[in-house]
Amino acid sequence: MSLALRGVGYRYPGVAVPALLDVDLHLGSGEVVGVTGASESGKTTLCLVVSGLAPRVVGGRIRGTITLDGESVDDWPMHRLAGRVGIGFQDPTSQLSQVAVTVFEEVAFGPMNLGVARDAIVERTWEALGTLRIEGLAERDPRRLSGGQQQLVAMAGLLAMRPAHLVLDEPTAQLDPAGTRLVAEAVERLAEGGASILITEQKTDLLASVADRVVVLRDGRFALDGPTDEVLADPRLIELGVREPAPLRLRRLAATAGVDPALLQPAADA
Amino acid sequence: MAGRERLTRASHSGLPEWLGRPGPSAYHRLNPLTKATLATVTAVAAVALGGLVGPALLVIGAVLIPAVAAGVLGRLLRLSLLLALPIAISAFLVNLFFFPGGRTELLRIGPIVATAEGLGFALEILARILAISGAVTLFYLTTRPSDLVLDLERRGVSPRIGFVANASVQAVPAMVERAVQITAAQRARGLDTEGSPLRRARGILPIVGPVILGSIAEVEERTMALEARAFGRPGRRTLLWAPHDTAAEGVVRWLLLAGLLVLVVARLAGVGP
Ligand SMILES: Nc1ncnc2c1ncn2[C@@H]1O[C@H](COP(=O)(O)OP(=O)(O)OP(=O)(O)O)[C@@H](O)[C@H]1O
Ligand SMILES: [Mg+2]
C-alpha cells in the first residue's frame, strides 16, 4: 500500500503562479509524514492534490504523476479515490454532512455513499467510533458537539471508509488544548493501527510526537525533507516561518542567554 | 466496573435500535411524505377555497386538531403567528382600508375609509395566510427534514436534491450565528453598529462582507468534504433505515391529492363562492 507523487506541480484555476512545484513524496504503509511551513506555503494545496480533490473538484491544472500502489490515478473519478485516500479539513463543522442527526449516521455517511452493504456499514461504523474512543457519542447530534469532538467524528467518518491513506489538514488548528490532545492521541492510535497518514500542522510539538518524517514547505516547494528529529532541529526552521517544538526552543533560548542547557534537561524533556 | 464495561461494549454492535427513533406522538410517527402532502394540500386548498368558512375549517381540521394530537399546539400557535404576522397585518390593513369595491362605511380616519366589504375580504385573506403558515409550521414541528430526505431517497428521488434543500435550511441558522459573531468581533474593534441610521448603515458593510465571503468559502469546503466522502458516486446509496410507511397512508396521500385536484378544477370551473 503506497501513495507516491513524482514531479508534481499544481496551479489553481485562473492563477498563473503554481501553488505547488516539483513535489516528490512517498507515503508507505503505517508511515506518518508531517508537513509544516509558513502560512500560504502550500500545506492545504498539497493535501488537496494528494487526496485528488485538486484538480477534480477544485479545478486547475496538475502535472507530474500520482500513483496508488504503482497504478496511476489520473483517470480515477473522485468517488473512486475517496475509498482509498481520506481527507479531513481544519474546520470541524463544515465537514459534517448536515443531514445526519446522530453521530452514528454521520460516521456511516461515507460507506453509505460507497454503496457498502448495510451490515458491513454498521460494523465499520462501530469500529471507527471505537478506534477514536467515541462510541459514547454515537447517539448524539453531531451538530451539537464541541469542536474537538466534531473533529473526532469527522475523522471517524473518514476511517469508516477504510482508506489506506489519510490526509489531515491542520486537524487541530481550531481546537483548544483539550481538543488538540484528543486528535493527537487519535492520530497516534491510527498510525499504530497501520494507516499511513499525511498530516499538516503549524504546531510542530504535535508533529514531533506523531511524525516519522517531516517536510517543510516554502512557496509550494519542499524546503526541508527528512527524519522528524533532524528537520525539527534544523536551524533554517525559523527563517522558513516555522516554530521549533517547545523543548528545542527552550534549549536554544537558554543557550543564547548563556544558561547551561544541561540545567534545563529534566524540565525540557518532561 | 468490569460488568458495566462489558455491558457498554455489548451495546456497541449491530444496528442501533434508536436510529430513526419514532416520534413522541402518533402524528409525529406518520410517514414524512404523508405529513408533507397534508401540509401542501392544506396550503393550496386554503388558497383555492373562497370565503371564510372553508379556510377556517381547514385551519381547525388540518392544523389545530393534528397539533393538539401531536402535543405541539402551544409552539405551533407561537411560531405560525410569528411567521404570519408581518404579512397578515399589512394584508389586513391594506384590504380593510383600500378594498376597491367597498361602499358600506365602517370607520373614517381622515381621507381613508374602512368598509364592511373591505373587512370581509381582509378576513378571508387572513384565514388563508393563517392556514398556510399553520400547515407549514405543523410539518416543521413534527418532522425532521432529514427523515423526509431519506424517505424521498428510498422512493428513488436523487439524494442530491433533498440534500441541497436540507443543507440550505440548515445554513440559515449558521449564517445568523456567523453574523452575530462577526458583529461582536467588529464591535470589539470599535465598529459602530449603534447610533444614527447612517452610521449603522456604514457599520453593516464590514459585517455583510465577511458573512458572504465566509459562506462562500464554507460552501466550497463543504462541497470538497462531501466529494471526499464519495457523495458524487453515481448509483444508489445504501440506506441504514427508512421512515415507516403503510399502504393505508399511501391511500390517504392519493385521496388528499385527488381531493385537491377536484377542488381546484371545480374552482376553475366557477363553482363555489
Ligand atoms: N482556491 C484558491 N485559488 C487560488 N489560489 C489559492 C487558492 N487557495 C490557495 N491559494 C494560494 O495558494 C498558495 C498556497 O496556499 P495554501 O492554502 O495551500 O497554504 P497553507 O500553507 O495551507 O496556508 P495556511 O497556513 O494559511 O493554511 C497561496 O499563495 C494561496 O494564496
Ligand atoms: Mg491551509
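These questions and answers cover aromatic pairs and domain contacts in a predicted model.

Residues are numbered from 1 along each chain as its sequence is written, and chains are lettered from A in the order in which they are written. Local features need pLDDT of at least 70, side-chain atom pairs count only at pLDDT 80 or more, totals for chains, interfaces and linings use all residues, and side-chain values use heavy atoms, without hydrogens and water.

Student: How many aromatic pairs are found over all chains?

Tutor: Rings of Phe, Tyr and Trp (its six-membered ring) pair if their centres lie within 6.5 Å. The search covers the whole structure, and the number of aromatic pairs is four.

Student: What is the geometry of the pair Phe104(A) and Trp18(B)?

Tutor: Planes under 30 degrees apart count as stacked, over 60 as edge-to-face and the rest as tilted. The ring centres of Phe104(A) and Trp18(B) are 6.1 Å apart. Their planes stand at 90°, so the pair is edge-to-face.

Student: Is Trp18(B) buried or exposed?

Tutor: Buried means under 20% relative accessible area, exposed over 50%, partly exposed in between (1.4 Å probe, protein chains only). Trp18(B) has 12% relative accessibility, so Trp18(B) counts as buried.

Student: Is the pair of Phe109(A) and Phe231(B) stacked or edge-to-face?

Tutor: The centres of Phe109(A) and Phe231(B) lie 5.6 Å apart. The angle between their planes is 25°, and the pair is stacked.

Student: Which residue lies over the face of Trp76(A)?

Tutor: A charge sits over a ring if NZ of Lys or CZ of Arg is within 6 Å of the ring centre and within 35 degrees of the ring normal. Here the distance from the ring centre is 3.7 Å, and the residue is Arg80(A).

Student: What area is buried between domain 1 of chain A and domain 2 of chain A?

Tutor: Domain bounds come from an automatic or database domain assignment: domain 1 is 1-77 + 164-177 + 195-259 and domain 2 is 85-162. Buried area is the accessible area (1.4 Å probe) that two parts lose on being put together, summed over both. Carbon and sulfur atoms give 66% of the area, which is about 1300 Å².

Student: How many salt bridges are counted between domain 1 of chain A and domain 2 of chain A?

Tutor: A salt bridge is a side-chain nitrogen of Lys or Arg within 4 Å of a carboxyl oxygen of Asp or Glu. Between these two domains the count is zero.
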